[in-house]
Amino acid sequence: MTDASMTQDADVRPPLLAVALLSASVLAYEVLLMRLFSIVQWHHFAYMVISLALLGYGASGAFLALAQAWLRGRFTTVFCSNIGLFAVTSVGCYLFAQRLSFNPETVLWDIRQPLRLMLMYLLLALPFFFAANAIGLVFMTFRSNIARAYAADLLGAGLGSLCVILLLLMTFPLPALGIVGALGMVGLLAAVWQLRLLHRPLLSGVVVTMAFALVLLGQQTELQPSPYKALQQTLLIEGTDISGQMSSPLGLLTVVESKVIPLRHAPGLSLMAQREPPEQVAVFTDGSGMTVINDGHAEASAYDYLDQLTWALPYHLFRPQTVLVLGAGGGSEVLQARQYGVPQIHAVELNPQMVRLVRDDYGEFSAHLFDRPGVHLHVAEARGFVASGERRFDLIQLPLLDSFATSSVGLYALNESYLYTTEALTTFIEHLNPGGYLAISRWINLPPKDTLKLFATAVAALEQSGVEVPGKHLVLIRGWQTSTLLIKNGTVNAKDVEAVRKFAAGRAFDVSWFPGISVAETNHFNLLDAPHFYHAARALVGPQRDGFFEQYKFNIKPADDDAPYFFQFFKWRTLPEILELRGRGGMPLLEWGYLVLVATLAQAVIASAVLILLPLMILRRNHVRQAKFPKSNVLVYFSAIGLAFLFIEMAFIQRFILFLHHPLYASAVVLTGFLLFAGLGSGYARRLAESGRHRRGVWVAVSAIGLISLIYLFVLGPLFTLLADWPIVAKIMITLLLIMPLAFSMGLPFPLALDRLGRDAPQLIPWAWGINGCASVISAVLATLLAIHFGFRIVILAALTLYFCAAFALQHADAPRVGMKKAVQS
């Protein structure tokens, strides 16, 4: 079969299996890049680099639009070449990007860093460019099978999203990268046979050999993390060494031991502490977020340090009989509870590999801490564990779950957290016994941010629980590095206050709030220029709270489940002031995560504008006229559905996290469900297209999307509460059933319009493909910004507005045709 025979799509079937395998490998590659960059760089730069690399799809649309005359008749060669190039560059470009020595910490003052960042964009965009070329070529060549091709694209992507999770459960990220490249080669192998190329056995042998080479390359290469991450800094200490690693989709765990200088990790340890901690083993997650495993065989006095931490306070107010630790980590809080003689200790840990590490690999070292009498370990998501049970506790501990370095410079600003929302704290309070305490510890940042936002959230949660005077239920203390907030299920009495005073004075901690506190009782040990924490707490429990929110230099309004961005503190009006301090140590005050997100959006919009307008200018210069489907309508339609699809997908992933109570399950199930069912919808679109019901099909689909989404906005919350106790398998099945009608409808608009374009304006197909790709990149960033400021409800409503705008654009695209028909009839 020659390329010439491929110019008419009726002569041969489209290579749908190759398209599905390619799409599976592309989506797996995208997810894997996020994991890799989260390990070697900071999460927010990973977000930025991958988002902009996806502009390879937009660049592909521009390329196909401008080169379609040359490509006509060369489908086989170009299609197979692009699949092969994707497979090779997916591994090679990342390995080369690792060698660029990009250092985001110096990007503002080292002129080489922006250049290296730009080169990284270009390198990582190449694999997406080649993959998009291959898929776009199928749309251009097989115009009567666009719906089937798009269905194969979505179904393959859905399987890829599931496969990459399974892959990360079985191997480390870099070997997984080699396997993803090999999967791309399998796609090429399918293309070779589906297109019936000459010398198929020989070509198959070459492709299989290259696939094995990519797998071996991934296994032979090592990650090169940023030298500024906590793990790399720790390894600079003499005698430290990595003694083990475990990997899963939840993170790369790295175990570090020190044979020369003992590791000692006790965040915010009192300056009056007399004893140092026992020997410890450090465990890092993705190169930061350190926790420790304590030697369980040390003498009893070695554990006295656990009484010199701010979160030891509740044990001095009463004697809890049941304690729940949300985030067991290496077990320090469990060990602390045992030191105070708590008979029943329940500990929740999300990552099963962390449990295995403490229980099995270091079971002897920790004296089998998690298997001691009275200790009950649960592998679960913290909030889900509490919400789905009826058990109540005397004390619920929410310890430090992140690192000080990343918290202090706003690197978690893009991270959704359902542990620190108003609804989460309300749930925790409801599961306290009368007189029980919820204890939450945070890092101290100056000016104060985390602690004040937590205090404000606690006030809102108490009010939501029906408490009239929240200030009577709260206690706040701080040390030199950490703070601990206590929320009591009951009023704090005089006996409690006296115990707080005694505990703080004996350890040089400052009391910032308890009922009836005076300013003279604050700011004694860890001196600030003013008692900022006290003044803020006073304002937050008083009638001037809203005014304080507006006047404060950072965003400390409570987070809620609709906008769960607890770590987003940025305010635009504070930016000029911070920039003026950049030469005097003010740069750490910048909320890097948020600013990187805004910069990503700006770059994506500019790049997309170029990629969309350049082909339009060339097409206009070449006098490409298209009365049947105006270019403005093409632009509006495919931009709108590109934005809207991801808006809804991202918003409902967040909704279902609260139902499945596990980010891994939610992401895998919802993403796979959306893509698979949308693929089925695209397959059904072929029937509508063959009968010429493009416009009607789009209106029915958009109406269904609007109706279902609005129903879900009001129904899902009560439904999830009703089904909270159901087993996880049943919840997954219900999730898929709920996703099915929405995703099926969402799979219709793109193939219906593209099929219509193939009939009326085939030369605009690659341009529409590029527009949709650019819009999808912008959508991911814009949805996050909208959710931060307005919540996911607004994101969903914005998506519905966009879908209806797209439907109207298609409706009005018929106007020229109707006018022409009337003119002919007259």
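N523 is buried, with a relative accessible area of 15%, where buried means under 20%, exposed over 50% and partly exposed in between, using a 1.4 Å probe and protein chains only. Before I go on, please keep in mind that this is a predicted model, in which local features need pLDDT of at least 70 and side-chain atom pairs count only at pLDDT 80 or more, while totals for chains, interfaces and linings use all residues. Residues are numbered from 1 along each chain as its sequence is written, and side-chain values use heavy atoms, with hydrogens and water left out.

N523 sits in the loop between β12 (510-513) and α17 (532-540), helices (H or I, at least four residues) and strands (E, at least two) being DSSP runs numbered from the N terminus. Its phi is near 60°, a positive value in a residue other than glycine. H368, in the loop between α11 (352-361) and β7 (375-379), also has a positive phi, of about 50°, but H368 is partly exposed, at 37% relative accessible area. Most residues other than glycine have a negative phi, and most peptide bonds are trans. The peptide bond from L446 to P447, however, is cis, with omega near -5°.

Which residues lie nearest the centre of the second largest pocket? They are R383, D561, G717, F720 and T721, out of 29 lining residues; a pocket is an open set of points on a 1 Å grid over the protein atoms alone, where a 1.4 Å probe fits, with protein on both sides within 12 Å along at least five of seven lines, and lining residues have an atom within 4 Å of a point. Helix α23 gives the largest share of that lining, 8 residues.
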